[in-house]
Amino acid sequence: MTIKSNLRKISAELSNMMKCFYIFKDRPSRSQRERRSADSAPELRNQRDTSSSSSTKPSRPTRSTGSSSLPRSIPELFKEKEQNLRAFSLLELKEATKNFNKLLKLGEGGFGSVYKGHLKPPDGSDPVVVAIKKLNIYGLQGHKEWVSEVQLLGAVEHPNLVKLLGYCAVDGERGIQRLLVYEYMPNKSLDDHLFNKSVPAIPWRTRLNIILGAAQGMAYLHDGLAFEVIYRDFKSSNVLLDKDFHPKISDFGLAREGPVEGKSHVSTAPVGTYGYAAPEYVSEGHLSTRSDIYSFGVVLYEILTGRKALERNRPAAEQKLLEWVKRFPVDSNKFSMIIDPRLRNEYSLNAARRIAKLADRCLNRNARERPTIAEVVEVLQQAIQESVEESSRATSIESPSSRTNPSVRNREISKMAIPGARRMSNAAQASSTKLTTRTYIS
Ligand SMILES: Nc1ncnc2c1ncn2[C@@H]1O[C@H](COP(=O)(O)OP(=O)(O)OP(=O)(O)O)[C@@H](O)[C@H]1O
Ligand SMILES: [Mg+2]
């Protein structure tokens, strides 16, 4: 088969898959879903919209620019933009990765293995470095997640969402092959830097910029499109970092559209990652943008503490991050004990407190009480501002040596910001190992 006819076949296949997506999405039907949602919850969205800053976010029909032709669903938007994606042949991707050579493997997750690859552009210019994710057909994800990812990432565009360059789909005698080709992110994921002690720790301000960028990416998904997108798998391993530590959210295989107007949530079988999923989602399958906010709260505590949501190699009382941090309330003198020792006291205690308070709001068991992503962005901007102002106050009274030596200056800033914070618990300094990745709840 020629490359051209192969590409035609893949393109046709993707169109069929789009139909599959519709069928999948429509079963149960929209009216059934509405009925189910109505049965299980009151009209939370309307209540919330009138009382919070999320009221700036109109419900779906009024979110448009007035054009009735504005795409109102992921597949509709994908149809408009699919020509931006390239359909790769398997041969091209094999060549790019030296036949999926182990030495080029970047890591492995719930979908499959990720390889670094070099793609030769047809015009003969320098090879483009990419990351290629290859479905593990014996794994927990499959065609459905692949379609979701292609459709969503093919449709959206934001500086804080990873860029999908193309895909590959082959149905052979030995089963299906599904691959995804992304821009390469040289600094891997946030969790590598927070929890892997062999990688240098990320400084305070970089952490704040990373989490703000991630929040802005999430704000685009929740509020920036004509329809609401629930991301469903927010965690530090899904925040990738480019060469400048600019964050981009990745992994959209579990993302789905939000509820129809006036409904608080969609009902679905819970999938996701233990330690990050919201309680109402785990126990009742109630999914909403507020479930993403809960996961965001978990990652806020990870950023502050340098500890992973779940660490089974710690003493029992410290394995669950959210339970452990409760012992160090945000307004108590003990609060600074939770801050990541790898920050070496170089952070603003006021900003850290602000972020912990935000995290506590995100982690409210009552989904309606959690902040919107717009509020999260706002508080994070304030925390950054606070850190900057504290640094400049410290600089204005700095010693001559600190004016020229940044590490002396940082020490002086931290002395001002957190008196007594050096009394860090030994346990907080103990190393953590990376847990196995995605655990499906269902
Ligand atoms: N575009 C990319 N550029 C560079 N590295 C990447 C890219 N995408 C993923 N990786 C790396 O590949 C590894 C596996 O990623 P993957 O998303 O498959 O798994 P995960 O996030 O650990 O788990 P999960 O499947 O639950 O999301 C991670 O360590 C990540 O840092
Ligand atoms: Mg991932």
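I began with helix H4 (residues 74-81) and H6, which pack at an angle of about 65° with their axes 8 Å apart. For such values the axes are lines fitted to C-alpha atoms, for helices over the stretch in contact, and angles run from 0 to 180 degrees between N-to-C directions. Helices (H or I, at least four residues) and strands (E, at least two) are DSSP runs, numbered from the N terminus.

I noted that this is a predicted model, in which local features need pLDDT of at least 70 and side-chain atom pairs count only at pLDDT 80 or more, while totals for chains, interfaces and linings use all residues. Residues are numbered from 1 along each chain as its sequence is written, and chains are lettered from A and ligands numbered from 1 in the order in which they are written.

**H4 on H6.** I found that H4 passes H6 in a left-handed crossing (left-handed if the near helix is turned anticlockwise from the far one by less than a right angle, right-handed if clockwise). Ile74, Pro75, Leu77, Phe78 and Lys81 of H4 make the contact with Gln151, Leu152, Gly154 and Ala155 of H6, where contact is taken as C-beta atoms, placed from the backbone, lying within 7 Å. By class, I read six nonpolar, two polar and one charged residues in the contact of H4 with H6; Ala, Val, Leu, Ile, Met, Phe, Trp, Tyr, Cys and Pro count as nonpolar, Asp, Glu, Lys and Arg as charged, and the others, Gly among them, as polar.

**The sheet.** I next traced an open sheet of six strands, whose order is E1-E5-E6-E4-E3-E2 with mixed pairing; two strands pair if DSSP finds at least two bridges between them. Strand E1 (86-87) and strand E2 (105-108) are the edge strands, each pairing on one side only. E1 pairs with strand E5 (residues 164-172) in the parallel sense over two bridges, and Tyr167 in E5 is the bridge partner of Ala87. Helix H6 (residues 143-155) packs on this sheet, where it touches strand E4 (128-135), E5 and strand E6 (175-183), and its direction makes about 30° with that of E6.

I then looked at E4, which runs antiparallel to strand E3 (residues 112-119) and is joined to it by eight bridges, with Val114 standing opposite Lys133 in E4. E4 also pairs with E6 in the antiparallel sense, over five bridges, and Glu183 in E6 is the bridge partner of Val130. Six of the eight residues of E4 are buried, so E4 is largely enclosed by the rest of the structure. A residue is buried if 20 or more other C-beta atoms lie within 10 Å of its own, exposed if 12 or fewer, and partly exposed in between.

**H8 and its two partners.** Helix H8 (residues 204-223) packs against helix H13 (residues 373-396) at an angle of about 160°, with their axes 9 Å apart. H8 and H13 are therefore roughly antiparallel to each other (over 145 degrees; under 35 is roughly parallel, 65 to 115 roughly perpendicular and the rest oblique). I recorded their crossing as left-handed, and by class their contact has 14 nonpolar, four polar and two charged residues.

With helix H10 (residues 289-305), the axis of H8 comes within 11 Å and crosses at roughly 175°, which makes H8 roughly antiparallel to H10. Here I listed Arg207, Ile211, Ala215, Met218 and His222 in H8 as meeting Thr289, Asp292, Phe296, Leu300 and Ile303 in H10.

**Loop residues.** I checked Pro186, which lies in the loop between E6 and helix H7 (190-195) and counts as partly exposed, with 13 C-beta neighbours inside 10 Å. Not counting residues up to four places away in sequence, Pro186 touches Asp242 and Lys243.

Asp251, in the loop between strand E9 (247-249) and strand E10 (256-257), has a phi near 70° and is buried, with 27 other C-beta atoms within 10 Å. Arg344, in the loop between helix H11 (321-325) and helix H12 (349-362), has a phi of about 45° and is partly exposed, with 16 other C-beta atoms within 10 Å.

How values were computed. Two residues are in contact if their C-beta atoms, placed from the backbone, lie within 7 Å.
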